[in-house]
There are 4 protein chains.
Amino acid sequence: MARPRSEDARRKALVAASDLLVERGVAHLTIDEVATRSGVAKTTIYRHWPERTSLIVDAVNVNLEHVGPPDTGSLRGDLEAFFGGMIRSDLSGNVAHIIPCLVEAAGRDPEMASLLERIGSERERVMKTIVAQAVERGELRVDLDIETLVGVIVGPIVFQKVVRRRPLTEEYVTACLDIALAGLVA
Amino acid sequence: MARPRSEDARRKALVAASDLLVERGVAHLTIDEVATRSGVAKTTIYRHWPERTSLIVDAVNVNLEHVGPPDTGSLRGDLEAFFGGMIRSDLSGNVAHIIPCLVEAAGRDPEMASLLERIGSERERVMKTIVAQAVERGELRVDLDIETLVGVIVGPIVFQKVVRRRPLTEEYVTACLDIALAGLVA
Amino acid sequence: MARPRSEDARRKALVAASDLLVERGVAHLTIDEVATRSGVAKTTIYRHWPERTSLIVDAVNVNLEHVGPPDTGSLRGDLEAFFGGMIRSDLSGNVAHIIPCLVEAAGRDPEMASLLERIGSERERVMKTIVAQAVERGELRVDLDIETLVGVIVGPIVFQKVVRRRPLTEEYVTACLDIALAGLVA
Amino acid sequence: MARPRSEDARRKALVAASDLLVERGVAHLTIDEVATRSGVAKTTIYRHWPERTSLIVDAVNVNLEHVGPPDTGSLRGDLEAFFGGMIRSDLSGNVAHIIPCLVEAAGRDPEMASLLERIGSERERVMKTIVAQAVERGELRVDLDIETLVGVIVGPIVFQKVVRRRPLTEEYVTACLDIALAGLVA
DNA sequence: TGTTAAGCGAGACGGTACGTCGCGTCTTAAT
DNA sequence: ATTAAGACGCGACGTACCGTCTCGCTTAACA
């Protein structure tokens with residue numbers, strides 16, 4: 001019966017939050033500034049998101065590029081296509097800058113944890129498709145544990161970028177894939 | 001005429017900080033509470049550490065177990081010994097809980113970045129010793145890039161624990177090592 | 001062509017406002033709560049009363065007992081009858097609790113000032129009738145300034161109740177009347 | 001052992017509050033503006049006064065002129081001197097503007113009530129001295145109830161100024177005193 | 001006897017102020 | 001000179017009401 005929540009206000013706040021997220025990082029995103037920038041009142045922001053973290057959760061999602069599974073005809077090609085996309089978008093872009101914040105926040109905030117989970121799941125789902133295609137093509141054994149498999153392929157890359165904080169070169173990615181694939185088909 | 005800085009105060013503050021770090025996480029560690037708990041005045045804390053992060057840096061170090069390189073006679077044995085140690089100490093313990101905070105903080109704070117670097121280096125140094133021993137024994141080729149190699153072995157494990165936030169089972173570690181080693185000797 | 005304003009809504013809002021006025025005092029009467037309690041929408045309330053104070057004005061009037069001039073045959077009797085009524089209604093009841101609010105609001109809000117004026121006038125008009133009757137009966141001199149006269153009789157009573165905030169006993173009223181009447185006929 | 005509360009901060013905040021009180025009235029005095037004007041941080045203000053009303057209480061006291069009892073040699077002279085002072089200071093000045101706010105607030109806030117009580121007591125104490133001197137001089141009977149007596153003299157004046165909100169002329173005061181004194185000595 | 005404009009409930013909106021928390025700096029007295 | 005204690009300026013937090021503004025729905029007066 002009442003007026004519906006303004007989608008416009010929501011969008012404007014989200015854009016402002018998303019921008020500030022990239023500019024200042026999670027810890028320095030303030031609701032007050034989101035309000036000022038977006039022209040949306042602080043109270044309205046709190047009507048849409050019960051607390052700071054909830055807004056951040058959504059703002060992060062805005063920054064995520066939602067990639068689909070490639071199908072190049074070979075496992076190697078699919079992986080390179082996938083990680084090539086990740087390198088260009090997520091890991092070289094804004095998200096790489098934000099993920100550690102999420103990981104950190106996830107340690108205390110269940111909502112953050114579930115966001116992180118969702119982000120991970122989406123990427124893992126793509127990985128599973130790639131692997132399933134490879135299994136179908138006979139490039140991989142059927143009996144491999146998918147969680148381990150994803151860990152072996154994705155782990156070194158995420159580790160390099162997020163934990164080690166070193167640039168994610170094509171050489172590094174290629175070398176890791178070489179080793180992992182060699183180990184998998186062996 | 002001057003009194004030296006009290007090592008006692010420093011230690012008490014550090015212990016309290018370390019405890020709170022584990023209890024509440026980095027973001028909710030407040031200097032005020034460290035002061036209250038430890039009985040050390042806030043002023044004194046700021047005298048010993050110029051800012052919050054510096055204290056956290058030291059508090060993290062307290063929680064780190066400093067492991068040396070094993071020498072079991074085989075690469076496989078060395079790795080299992082090493083990661084077994086890590087599983088028991090760092091990654092199953094408090095540090096896994098703290099690393100994301102450091103990673104996050106490293107994004108903004110150079111000092112944090114260098115702490116993270118130091119922690120990483122220490123572990124990487126051990127890894128390098130293990131690898132060198134393996135090369136010496138003829139278990140590995142000489143031409144492998146050490147950074148890639150460490151990434152391939154450590155990446156999946158850290159990824160599982162820190163980013164995926166899933167329990168680090170012996171099966172997972174074993175499976176990852178199997179694949180990586182197979183790929184490396186191939 | 002249009003529907004007339006609902007008298008029912010007006011009444012319900014007014015009752016709720018009047019209740020809250022007594023329960024919480026003017027300063028803590030919120031439109032939101034009047035709306036919630038009465039079941040009348042905030043919009044509707046604002047349609048009936050342009051602002052908070054207007055509603056309060058009307059709510060006060062609801063609480064007022066409108067007394068007529070007594071005619072006991074003597075000034076003394078009339079005054080005792082009149083103030084007896086005031087003691088029982090206004091000053092011992094809710095209104096005494098509200099008057100200071102009005103007085104305060106009158107300082108800023110002309111509408112409030114005029115309400116206060118109206119309330120005062122009504123009572124003063126009764127007083128004037130009583131005095132006129134007394135003059136007619138020869139109990140009082142003709143040349144007395146009516147404003148002063150009312151002030152001398154009403155002042156001590158209102159002062160006791162409203163400013164001093166002490167209970168308005170029959171003894172106090174009698175004693176004040178004794179003195180004032182003695183002074184007036186002297 | 002710690003630093004004492006800054007008397008300077010307290011004073012500056014109080015002055016700003018006192019000014020705003022007169023400028024805007026009790027209801028529109030905001031802590032934020034007191035902070036801005038005084039240059040004292042809002043948190044500091046809250047350290048000194050637990051809540052808005054406490055600050056107002058003190059700010060009102062600043063505006064009060066603390067008058068002593070006159071001794072002109074006659075009751076009449078003393079009263080005129082006293083009320084002349086009140087007319088010049090309190091009732092024509094800022095306090096008359098503030099008292100209704102206090103009276104209103106006293107209805108809900110015990111601290112306000114006690115402030116009002118204190119203000120009243122101080123003035124009543126002076127009145128009692130005046131009366132005692134008159135009794136000593138034989139101008140008044142000994143058996144008069146002091147509360148009633150003060151009410152009879154002060155009531156009409158306060159009523160005129162505070163409740164009726166009409167100007168407090170010398171004629172009105174004189175006329176009231178005439179009647180009251182006539183009644184008292186009768 | 002429909003039509004239709006206003007009234008209505010619900011509640012979202014932009015604001016302003018609230019009172020609180022933690023930061024990093026400072027002052028003071030005591031050791 | 002260093003410490004414990006804690007006050008200080010600052011900036012952000014999340015909340016409460018204000019008075020205004022849509023929303024659909026209901027309803028009485030007019031056509």
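The following paragraphs lead from the fold of one chain to the relation between copies and then to one interface.

The model is predicted, so local features require pLDDT of at least 70 and side-chain atom pairs count only at pLDDT 80 or more, whereas totals for chains, interfaces and linings use all residues. Residues are numbered from 1 along each chain as its sequence is written, and chains are lettered from A in the order in which they are written.

Chain A contains nine helices and zero strands, helices being DSSP runs of H or I with at least four residues and strands runs of E with at least two, numbered from the N terminus. Of its 186 residues, 39% are buried, that is, they have 20 or more other C-beta atoms, placed from the backbone, within 10 Å of their own. Among contacts in chain A with a separation of 6 or more, 62% join residues 24 or more positions apart, a contact meaning that C-beta atoms placed from the backbone lie within 7 Å.

Turning to another pair, 37 residues of chain C contact 34 residues of chain D. On the side of chain C that touches chain D, α8(C) provides the largest share, eleven residues.

How values were computed
Buried ≥ 20, exposed ≤ 12 C-beta atoms within 10 Å, placed from the backbone. Contact = placed C-beta atoms within 7 Å.
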